[in-house]
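The sequence and coordinates come before the discussion.

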Amino acid sequence: MVSRGTGAGRVKGARRPEVRLPPLEPFGGGELEPDGDYDGLEFPETDFAGQDGAGARFMDCALRGCALDETRLHHARFLDSVLTGVRGVGTDLAESTLRDVELVDARLGGVQLHGAALERVVIRGGKIDYLNLRTAVLRDVVFEGCVLVEPDFGGARLERVEFVDCALKGVDLTAATLKDVDLRGAVSLEIARGVGRLAGAVISPSQLLDLAPVLAAEVGIRVE
């Protein structure tokens, strides 16, 4: 873990995952099973659309180019795993656990991660529309080089979270709690709701200027 900045502007950096996958066995096919146990497997270009893997555990796994449209993974656990090029709309990952996970070049829409726990996770590249992280807990999470359209962090807790070269559009921070959240690396930062919850975050001077109108509106200042 590193600290960035000086004095009052110091922010603790996120601890990134160090995923070292063992030699993997190919997935034998078939559908996901609720409460299934998947250990040391590779899932290449597998279509999981509409399947039910609620409560499943993925340990030391690689999912590459998988389709996750309407896939039910409620309360699933992804541990020491890599998900690359996954795609889908309406993926249900509510109340799931992601620990020591890399999510790379995802194309997802309406993914449900409300109530989830993310720890030592890197989300790199790709685009995620309408990401629902309401009441989730994010600790040591890095969003890097990705586009997030209308992400919902309502009521979530973010600690040591970094946004690096990301575009953030229409962010909802209503009732969120932030600690050591570094937004300075975001290439665009657009907050639709909850701008007053930025206490605990660090932003750049240029971002402050961009946010001035919504900050003024938040505290009832008229600018004429």
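The sections below cover the basis of the model, its cysteines and its aromatic rings.

## Basis

This is a predicted model, in which local features need pLDDT of at least 70 and side-chain atom pairs count only at pLDDT 80 or more, while totals for chains, interfaces and linings use all residues. Residues are numbered from 1 along each chain as its sequence is written, and side-chain values use heavy atoms, with hydrogens and water left out.

## Cysteines

The structure holds zero disulfides, a disulfide being a pair of cysteine sulfur atoms within 2.5 Å. For cysteine 61, the nearest cysteine sulfur is that of cysteine 66, 10 Å away. Cysteine 61 is buried at a relative accessible area of 0%, where buried means under 20% relative accessible area, exposed over 50% and partly exposed in between, with a 1.4 Å probe and protein chains only. Cysteine 66 likewise counts as buried, at 0% relative accessibility.

## Aromatic rings

The whole structure contains ten aromatic pairs, counted for rings of Phe, Tyr and Trp (its six-membered ring) with centres within 6.5 Å, and classed as stacked when the planes are under 30 degrees apart, edge-to-face when over 60 and tilted for the rest. Among them, phenylalanine 43 and phenylalanine 48 have ring centres 5.7 Å apart and planes at 65°, so the pair is edge-to-face.

Phenylalanine 43 also forms an edge-to-face pair with phenylalanine 58, at 5.9 Å centre to centre and 65° between the planes. This pair links distant parts of the chain, 15 residues apart, with phenylalanine 43 in strand S5 (residues 41–44) and phenylalanine 58 in strand S6 (residues 57–59); strands are DSSP runs (E, at least two residues), numbered from the N terminus. Phenylalanine 43 is buried at 0% relative accessible area, and phenylalanine 58 is buried at 1%. Ring pairs link Phe27, Tyr38, Phe43, Phe48, Phe58 and Phe78 into a cluster.

Definitions and conventions: Helices (H or I, at least four residues) and strands (E, at least two) are DSSP runs, numbered from the N terminus.
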